Amino acid sequence: MKKFIPLLLLLAAFPVLAASGGSIYEKPAPVRIVSEIDRALAKDWEQNGIAVPAEASDAVMVRRLHLGLAGRLPTPKEARDYIASTAPDKREQLIDRLLASDGFADYWAMHWSDALRVKSEFPINLWPNAVYGYHRRIRKFLADNEPYNHFARALLTAEGSNFRTPEANFYRATADRSAAGIAAVVVQTFLGGRFEALPEAERKLWTDRFAPVRFKKTKEWKEEIVYWDIDPSGADSRGPVADAVLSHPEFSRTAVNRAWGWLFGRGLRPENDGELPVNPPLLDALAAEFERSGYDFRALCRNIVNSAAYRAAPFGESPEADLHFAAFPVQRLDAEVLDDAISDLSGIPSRYSSVIPEPFTYLPPEQRSVDIADGSITSSFLILFGRPARDSGLLSERNNSVTASQRLQLFNSGELYRKLGRIAQREEMKKLPMPKRIEELYWLFYSRPPTAGETRTLLDFFDRLPKGREKWTFPQEICWILVNSREFLYQH
């Protein structure tokens with residue numbers, strides 16, 4: 001592989017320029033301003049002296065939407081069909097298909113399981129049966145498009161067995177099950193604040209609201225009942241507590257900020273530190289629209305991915321442009337998404353084993369990484385690439401930065417190299433002439449065709465190789481180069 005390192009360095013450049021001199025990642029026209037959300041963005045850009053960004057190219061958009069909404073790469077056919085389509089509403093059609101897909105429910109259940117701390121072992125200790133029931137309930141909220149306020153109320157008013165009432169695990173998913181500990185989890189999850197930063201009187205108010213929450217064991221192994229003490233007057237306090245959360249002005253803003261953060265890699269405001277949003281009118285406009293929709297979470301996601309910020313090309317002109325979302329933030333793929341992408345491309349699934357004795361020790365071979373319900377079940381790859389431990393429920397617990405150890409893994413993993421060899425040696429791939437093989441590999445990894453310059457560079461290198469093994473393994477080396485490139489590893 002050492003022979004191909006100069007070629008890797010050449011082709012891994014990011015961004016790439018097309019033969020015409022323009023970037024292959026953007027259209028020549030600026031992004032259109034078409035909605036109230038867009039106008040809030042455009043006003044903020046104008047006030048900060050930032051030009052309206054160019055619109056992302058179709059190749060960028062089809063990849064961005066599949067990764068952002070379904071947690072997977074588009075197939076070459078999906079990418080080709082989207083780019084070739086002349087339908088004026090093709091982007092809107094694709095968004096609707098992805099939002100209604102199983103992939104959306106699977107991938108966003110992973111996000112919500114991060115926020116709700118879905119794991120069986122220390123320090124959360126939900127236990128396996130409870131984890132799988134809780135995860136199915138979260139996924140159902142997304143698959144059925146249940147109104148977000150209904151879902152939140154179900155969690156906040158839950159009581160019953162952790163095995164038979166999945167929502168009851170919301171109160172169990174914290175290491176501190178005191179009234180103050182539960183109040184802190186509620187404030188963080190639904191109101192986006194740091195409990196310890198609240199005034200003392202407000203902390204006491206929230207603590208008192210959750211003082212009635214109790215836990216008791218049963219004779220069944222690891223079963224626990226969550227229940228609420230009835231006050232002396234006999235009134236049920238669960239409804240008023242839920243009303244206090246759902247009527248709070250930060251309830252909608254927190255959901256919006258969380259969805260924005262999952263789609264862009266960072267929220268409109270930092271998590272739990274009391275700082276003002278980057279663009280307060282934008283956050284308010286999205287929250288108001290979310291409320292008008294009846295807390296339709298898919299509609300919220302649709303509004304965000306239809307925004308000028310999400311339609312913008314990557315690579316801003318300045319740090320200020322990046323800060324104000326006048327360019328799409330380039331971010332490394334989530335660990336689970338990267339693992340699934342490599343498995344999808346190679347046809348070889350990852351294997352996961354669990355030290356937890358139930359419901360099974362080894363996950364099924366068809367198990368996708370984004371579908372792993374239990375945060376306690378992981379792999380060395382997922383740990384290395386920053387999968388969150390689900391201890392805190394904070395977005396920042398996921399680490400999508402690139403490290404030297406990750407680079408060494410991608411450069412030197414024999415297992416990865418063997419997987420990539422399976423791609424290049426498929427019968428349908430081997431029948432293609434080398435220029436067509438290169439083109440097909442670019443569609444697989446990048447969701448776009450190679451530029452003329454990229455094709456020429458690869459073919460020139462191929463022509464200089466001696467006959468024999470080096471020519472035979474060249475397609476495998478291309479796969480190795482592409483998977484190590486920033487264009488593949490990053491969401492852009």
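**View 1. Q491 and its contacts.** Setting aside neighbours within four places in sequence, Q491 touches R63, R64, L67, G68, F328, P329, V330, Q331, R332 and L333. Contact here means heavy atoms within 4.5 Å. The model is predicted: local features need pLDDT of at least 70, side-chain atom pairs count only at pLDDT 80 or more, and totals for chains, interfaces and linings use all residues. Residues are numbered from 1 along each chain as its sequence is written, and side-chain values use heavy atoms, with hydrogens and water left out. Q491 sits in strand β7, residues 490-491. Helices (H or I, at least four residues) and strands (E, at least two) are DSSP runs, numbered from the N terminus. Q491 counts as buried because its relative accessibility is 7%. Buried means under 20% relative accessible area, exposed means over 50%, and partly exposed lies in between (1.4 Å probe, protein chains only). The Q491 side chain reaches the backbone oxygen of R64 at 3.4 Å.

**View 2. N169 in helix α9.** Helix α9 spans residues 169-172 and includes N169. With a relative accessible area of 0%, N169 is buried. The side chains of N169 and R172 are joined by a polar contact of 2.8 Å. A polar contact is a pair of N or O atoms within 3.5 Å; within protein, one must be able to donate a hydrogen and the other to accept it, and residues adjacent in sequence count only if both atoms are side-chain atoms. Apart from neighbours within four places in sequence, N169 contacts L126, A130, Y134 and N162.

**View 3. The buried face of helix α5.** Helix α5 covers residues 90-99, and its buried residues are K90, R91, L94, I95, L98 and L99. Seen down the α5 axis, these residues fall within an arc of 165°, so they line one face of the helix. The arc is that of the directions from the helix axis to the C-beta atoms. The cover over the buried residues of α5 includes α3 (58-70), α4 (76-84), α6 (102-115), α15 (297-305) and α16 (308-311).

**View 4. The largest pocket.** The largest pocket holds about 810 Å³ of space. Among its 44 lining residues, G261, W262, G265, R266 and L395 are the closest to its centre. Elements giving two or more residues to this lining are α3, α6, α13 (250-264) and β6 (331-332). Helix α13 gives the most, with 7 residues. By class, the pocket lining has 19 nonpolar, 15 polar and 10 charged residues. Ala, Val, Leu, Ile, Met, Phe, Trp, Tyr, Cys and Pro count as nonpolar, Asp, Glu, Lys and Arg as charged, and the others, Gly among them, as polar. On a 1 Å grid over the protein atoms alone, a pocket is an open set of points with protein on both sides within 12 Å along at least five of seven lines, a cavity is a set of points where a 1.4 Å probe fits but cannot get out, and lining residues have an atom within 4 Å of a point. Grid points are joined across faces, edges and corners, and a volume is the space filled by probe spheres set on the points.

**View 5. The largest cavity.** Searching the whole structure finds 1 cavity of 30 Å³ or more. The largest cavity has a volume of about 30 Å³. Its lining is R332, L338, F385, V402, Q406, L410 and L489. By class, that lining has 5 nonpolar, 1 polar and 1 charged residues.

View 6. The peptide bond from F122 to P123 is cis, with omega near 0°. P123 lies in the loop between α6 and α7 (128-143). N145 has phi near 55°, a positive value in a residue other than glycine. The loop between α7 and α8 (148-156) holds N145, which is partly exposed at a relative accessible area of 22%. R390 is not a glycine either, yet its phi is positive, at about 65°. R390 belongs to the loop between α19 (380-384) and α20 (404-412). At 1% relative accessibility, R390 is buried.

View 7. E317 is in the loop between α16 and α17 (319-323). E317 is exposed, with a relative accessible area of 78%. A201 lies in helix α11, residues 200-209. A201 is exposed too, at a relative accessible area of 62%. A201 and L323 are 122 residues apart along the chain, with their C-alpha atoms separated by 35 Å.
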